[in-house]
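Visitor: I would like a close look at a single part of this model. Please keep it brisk.

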Amino acid sequence: MKFTQNTQRLALLAGVVVLALLPLPDFWITQLNYIALYSLVILGLVLLTGIGGLTSFGQAAFVGIGAYTSAYLTVNMGLSPWVTVFAGLAITALSALVVGWITLRMSGHYLPLATIAWGLSLYYLMGNLDALGKYDGILDVPTLKLLDWDIGQGRPFFVFAWGLVLLGAFALINLLDSRTGRAIRALRTGSQMAEAMGVDTLRYKIGIFLIAALFASVSGWLFAHFQHTVNPSPFGLKMGIEYLFMTVLGGAGYVWGAISGALITKLLEDQLQVLLPQLIGTSGSYETIVFGIVLVLVLKYMPDGMWSLVGRYLPKPQRVNDWQDAAPLVERAKPATGDTVLEVLAIRKQFGGLVAVNDIGFSIQAGQIVGLIGPNGAGKSTTFNLITGVLGLTSGQVKFRGELISGQPSREIARRGMSRTFQHVKMIPEMTVLENVALGAQLRGHKGALSSMLRLDRAEEQSLLREAAQQLERIGMGGSLHELAGNLAMGPQRLLEIARALCSDPALLLLDEPAAGLRHQEKLALAAVLRQLRDEGVSILLVEHDMDLVMDVCDHLVVMEFGTLLTQGTPEEIQQSPAVRAAYLGTEH
Ligand code: ADP
Ligand code: MG
């Protein structure tokens, strides 16, 4: 498979050279050169907006930084464009980090608004600085030269620019198919699950903002030396909106959607600019109106963009199981049987006037399965969220393996070996079961974005996938590794979450209603897995409504009612407790 992918890629690169050798009219070559410049920017937007779910209207500003930096330094200081490209990237990176650090904490519509503000302010900055030639810009920007060969125009530029576009696309495809890529794809589902898997979501958001900005910066650099002049207008907000438009039109979720979006827009624009004035009889920017209508239609009838039409018919590379011989991941030292793993000390959570968890305390010994039971609304899930750091405590303490963990973010608690599932399943529907589960092993790998893009992460990646496949087999889902998680029924979705939690090699596993939606056979299998885990030294805190399962597997039960601790004890004691019978079991049966 690796071979075929590499041959495909070489064929695409060779295709660019072949196209350049064909007797295409120069006009088309120029058009395609512009399309390459747009494509680079849109590739970044696919990652940022389509995959990461962060909308930016400010990409044109980063194109501007790349273009102006190189134009200024080559014209005024006589530096070579091959040097100034890095200066542009450095300034872009710095501004992306600052802008990202400030804006990416914002949610909802604040982020797009902030990027609009950023795009506008940079535009006026470029237009008002004397050193940058104000609105006239910088003229006589030198062409790109390889020794004495002018590769800044026509066919040589075509090969160079499209070569960069393809390399960028390959890098993104590699990135998305990796440990880092899974974390990026988890961003859109909200931060709770990703953080529980140990992903620092803010860091990854800033990361994709940075990558998208760098792609834009390279486009700007090419643009400056291709046009031989820069002025603020191509880097304004209008262009920022157009880039987003092209991304959505082509298919924001697909790397190849980026290129098709740029292609369709540019070609359509050219045709319309000639056609519309003939049709209407007067000239004007009518194509803008047509684009508006097209965008509305695409959003309505093809929310995945144009590429989704094509992509559907292309063969999907089936992932081969190439991880069998991968090195196993390092396992953490588990607490010795009998050690106290978790100590919950009078934890309390108030939501306004409601005391959802009222000074609850209990502990879990290594090798124990503890059940947390109680009627709906008793506060079990809230207790889970307090222990795992998803919610902050109103008061009380939580100690895990002897260390105080209350107040820590959930990813830090995950790092220490606590892993969980959610009452309402949280997964990434458009990823396969295997990839979803591998997300659980996030903290057991270390390779970052750059190694993924360059495919230097393969050995580690195979170890991660091997672990994910093993956990899925253990839970009885070995047959659906490559299914899309979104296509699973409720029961298997819950099993997927358990496998994902197991992938982190937890010392303590918290399962919130794992048997809900499971069939009888699946419940029996689940009970067997839970016992097996306990025998391996994993401790488990289990919230479950299925009393047969709870009584069957638990060593100790904690009963909650209206946020308070009703009683705790062995399953036998709980079954005999009159208080429990009255308050809980009575209502259950
Ligand atoms: P359980 O999991 O035992 O069914 P929960 O922990 O989900 O119960 O809820 C306990 C109580 O806290 C319920 O009354 C619920 O409505 C309330 N509650 C839970 N989460 C929130 C929240 N984020 N804001 C306000 N009230 C909440
Ligand atoms: Mg609950």
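Predicted model: local features only at pLDDT ≥ 70, side-chain atom pairs only at ≥ 80, totals over all residues.

Which protein donors does the magnesium ion (ligand 2) have?

Guide: The magnesium ion (ligand 2) has two named protein atoms as donors: OG of S381 and OE1 of Q423, lying 2.1 Å from the ion. S381 belongs to helix α14, residues 380–387. Q423 sits in the loop between β8 and α16 (433–438). The pair therefore ties together parts that are 42 residues apart in sequence.

S381 has a relative accessible area of 22%. Buried would need a value under 20%, so S381 counts as partly exposed. Q423 has a relative accessible area of 23% and is partly exposed.

Strand β8 (418–420) is an edge strand of an open sheet of six strands. The order is β8-β9-β10-β5-β11-β12, and the pairing is mixed. The other edge strand is β12 (564–569). Each edge strand pairs on one side only. From one strand to the next, the twist averages 15 degrees.

Next, β9 and β10. Strand β9 covers residues 508–512 and strand β10 covers residues 539–543. They pair in the parallel sense, over five bridges. One bridge joins L508 to S539 in β10.

Last, a helix on this sheet. Helix α19 (residues 490–502) lies across β8 and β9. Helix α19 runs at about 165 degrees to β9.

Definitions and conventions:
Residues numbered from 1 in each chain as written. Chains lettered and ligands numbered in written order. Heavy atoms only, no water. Pairing = 2+ DSSP bridges. Helix = DSSP H or I, 4+ residues; strand = E, 2+ residues; numbered from the N terminus. Axes fitted to C-alpha atoms, helices over the stretch in contact; angles between N-to-C directions. Contact = heavy atoms within 4.5 Å. Donors = N, O, S within 2.8 Å, 3.2 Å for Na, K, Ca; no water. Buried < 20%, exposed > 50% of the residue type's maximum accessible area, 1.4 Å probe, protein only.
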